[in-house]
Every structure is written in structure tokens, then in C-alpha cells.
Amino acid sequence: MTDPRILPPTPENIEKAARLIRAGALVAFPTETVYGLGANGFDGAACRAIYAAKGRPSDNPLILHIPQASGLPALCREIPEKAYALCEAFAPGPLTLVLKKTAAVPNAVSAGLDTVAVRIPSHPVARALLKACGVPIAAPSANKSGSPSPTTAAHVAADIGAELPLILDGGPCGVGLESTIVSLSGPVPKLLRPGGISLEALEAVIGPVEVDGAVFGQLPEGVAPAAPGMKYRHYAPMAEVILLNGTRENVLNYMAEQKGAGVLCHDGEEGLFPSAGHVISLGGTQESAARRLFAALREMDAAGVPRIYCGLPDKSGVGLAVYNRLLKAAAGRVMEC
Ligand code: TXA
Ligand code: MG
């Protein structure tokens, strides 16, 4: 049975969603990356309700969504030229900028930091909702804290309870992983979270970008990642995830020997694992792996497999984002084979 809270994004339903947000309620909506759990970004109490609905630690700040770059000065100060260059190249799209914040940003959004994360989404439903609301929308991914981000309305409904009155259904998300986060609040641009805009694409526009150690899961003991959310065991299904590093042949042979396990493979390899409990192909490209990964992890849990095996993806392009999410789902477990 479909959840009665899930509604198509008709103009009436978008207006209804905007009314709810302006009145201080939460609404889930699609973006090109993942579904967001939105609240009025100027309303501290509404933003605090997001943390409660997600079970999110209070030190993990939210992203503010706005329709265009002209909205940046109201929320951010000391905006460098590189911020506008990135907006020119990639906005609207799956990119989030971290900049010094103005006093207009509630503490519940920035979680006490002196900076704020801002994103200009490209999804037509997200844009229509922003226009109808007339305020920035604070929105983390609309999953329970710790589980994979939702890429369909049904994922949201499965995770968030009655505190969420309305889920706008925009179908499956096109990118499938959360936005690329770049901090421009320090002396050097820094990649805090890889996503749909690759490191290579960023550097082609603004020159060298430092990569935060958390992206590779390599922060020394006691050092906090620059994006607080990167320290939590995120994106994790209930099953144990194990990444395999080796030639494709070795990886496939190893996965073929595992009885009853979940296997994430490429197109054309599905028939190689007769003893597996559940097999899902992530497709043939980095983009398809990004788009399918979170739904695949949820499907593996529904199938009840105790362990999921996957080859370590290539770290170039969008592959770096897939690599980062898998590494986090695996809590760093990589096996040589
Ligand atoms: O694609 C996305 O970005 C999605 C959609 C809904 O827009 N949103 C999303 O939000 O992924 P969330 O809350 O799941 O992840 C936000 C990340 C967290 O890791 C958080 O720590 C980081 O952004 N973040 C937010 N504000 C920050 C700040 N001021 N400085 C550093 N990191 C920040
Ligand atoms: Mg999230």
C-alpha cells in the first residue's frame, strides 16, 4: 500500500507544501541528488524539529537551499570570487558551498559554526518549492540518521514517521548521491564531501582544491573532519559491507565463493554468483553506480543478507563519491584479494 503522505508534485501540492513550510512544519521533497527533509531555514524551531525527526546529532549542521546565487549575500559574508565562478559553472546543480555566515542564519542551521553550507538545486520540483516558499529551505537528506540517503519517496516514507505530513514524489533521483561540498571559508578551497560534481571539474574552474582526509577515511585519531557529518558511520545498511581490492578477476572469483551473501556487481556479471543470497548490478558507469548505490543497499537489507561484497570503485571523476560512500558504509573494511 502506498503511503498517503506521498503526493505528486502538482502546483496545488507544491503550494500546500510551501504553506506547511512557512507555518513551521517539515516537508520532504526531491532534489537531483537525494530527497531532502525541508524546513523554513529562517525558523530556528522548525530547523530543530529536523534534528528530532532524523535522530540527528545536534553538532551536525544543515544545508540551506536557495534558488539562485544572488541569494548568497543575505546568508554569507566575505564571499570570494571563486564562489561566484563555481556558481556560474555548476549552479543550479549538485554543489554545496561552505562560506562564512551572516547573522540571518539561525544557530540551529549552522550548529554553532561560524560558517553555513548553501546549495542551489536543479531539480524542477525543488526549484518550484523554493519559489513558492520565498525563504531558504534548510534540508538534510530525508533518511533516519545513519541509514542510506533516500533516492525515492518510498525510502523517505520508510524512514521518517508521523512528524512528516507531506512527501512530494519526484520519482527516483538522477544523481543518487549527496552534493559535492566545497569549503571556501578558509585560505584554500577544500573538498569536504565528493559528489556529482567531480574534483577534476572543480579544479578546472578554480584551480587546486585540497581534499579533506575524511573523503578517503584517513583522518588521524582525534582529528575532526571539516564537515561534521563525515565523522558518523553514514550511508550504512544493516548488513556488514566488505570492499574488495584486487584485479576484477580476483574480485569476481572471491565474490563467487561467498554463500548467501549480497553481491554488488557490474552489468553482465549477474550470472557469475550462483551461491549468492542476492545480486544487484550497479550498472556499467560511475554515474549509474552513483544513481543506484543507496537503493541497492536498502534492497540488500530487505533481502536479509548478512554481508554485502563489492569491488572497490575507481577514484576518478564521480567514482570518488561512490568510493567515499562505500568506504563509509563499510566502516573502512577493505580486503585485499
Ligand atoms: O545533496 C545534498 O546535499 C542533500 C540534498 C537534500 O540537498 N543534502 C544533504 O544534507 O546531503 P546532509 O545534512 O545529509 O549533509 C550535509 C553535510 C553534513 O556532512 C554536514 O556536516 C555538512 O554538510 N555541513 C553542513 N554545514 C556545514 C558547515 N557549515 N561546514 C562544514 N560542513 C557542513
Ligand atoms: Mg545525510
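Trainee: Which strand gives the largest share of the lining of the largest pocket?
Mentor: Strand 7 does, with four residues. Before we go on, this is a predicted model, where local features need pLDDT of at least 70 and side-chain atom pairs count only at pLDDT 80 or more, while totals for chains, interfaces and linings use all residues. Residues are numbered from 1 along each chain as its sequence is written, chains are lettered from A and ligands numbered from 1 in the order in which they are written, and side-chain values use heavy atoms, leaving out hydrogens and water.

Trainee: OK, and what counts as a pocket or a strand here?
Mentor: On a 1 Å grid over the protein atoms alone, a pocket is an open set of points where a 1.4 Å probe fits, with protein on both sides within 12 Å along at least five of seven lines; lining residues have an atom within 4 Å of a point. Strands (E, at least two residues) and helices (H or I, at least four) are DSSP runs, numbered from the N terminus.

Trainee: How much space is in the largest pocket?
Mentor: About 550 Å³, taken as the space filled by probe spheres set on grid points that are joined across faces, edges and corners. The lining has 37 residues, and Arg56, Pro61, Ile63, Ile181 and Arg193 are the closest to the pocket's centre.

Trainee: Which elements supply at least two residues each to that lining?
Mentor: Strand 4 (63-65), helix 5 (107-110), strand 7 (115-119), strand 10 (180-183) and strand 11 (190-193).

Trainee: And what's the lining made of, by class?
Mentor: There are 19 nonpolar residues, 14 polar ones and four charged ones. Here Ala, Val, Leu, Ile, Met, Phe, Trp, Tyr, Cys and Pro count as nonpolar, Asp, Glu, Lys and Arg as charged, and the others, Gly among them, as polar.

Trainee: Switching topic: how many residues are in the largest nonpolar core?
Mentor: It has 82, and Leu97, Leu202 and Leu264 have the most contacts inside it. Apart from it lies another core of 16 residues, including Ile14, Ile21, Val27 and Ala139. A core here is a set of buried Ala, Val, Leu, Ile, Met, Phe, Trp, Tyr and Cys residues joined through side-chain atoms within 4.5 Å. Buried means under 20% relative accessible area, exposed over 50%, and partly exposed in between (1.4 Å probe, protein chains only).

Trainee: What does Leu264 touch?
Mentor: Skipping residues up to four places away in sequence, Leu264 touches Met255, Ile280, Leu282, Leu293, Ala296, Leu297, Met300, Ile308, Tyr309 and Cys310. Contact means heavy atoms within 4.5 Å.

Trainee: Is strand 14, around Leu264, covered or uncovered on its faces?
Mentor: Both faces are covered: Gly262 and Leu264 are buried on one side, Val263 and Cys265 on the other.

Trainee: Which strands does strand 14 pair with?
Mentor: Strand 14 (residues 262-265) pairs in the parallel sense with strand 16 over three bridges, and with strand 15 (residues 278-281), also parallel, over four. Two strands pair if DSSP finds at least two bridges between them. On the strand 16 side, Gly262 is bridged to Ile308 and Leu264 stands opposite Cys310. On the strand 15 side, Cys265 has Ser281 as its bridge partner.

Trainee: What about strand 16 itself, buried or exposed?
Mentor: Mostly covered, with four of the five residues in 307-311 buried. Strand 16 also pairs with strand 13 (residues 240-245), in the parallel sense over five bridges, and there Ile242 stands opposite Tyr309.

Trainee: Which residues are joined by a cis peptide bond?
Mentor: Ala91 and Pro92, with omega about -5 degrees. Pro92 is in the loop between helix 4 (81-90) and strand 6 (95-101).

Trainee: Last one: what is the phi of Glu78?
Mentor: Positive, about 50 degrees, although Glu78 is not a glycine. Glu78 is in the loop between strand 5 (76-77) and helix 4, and counts as exposed because its relative accessibility is 54%. Ala331 has a positive phi of about 50 degrees too, and is partly exposed at 48%.
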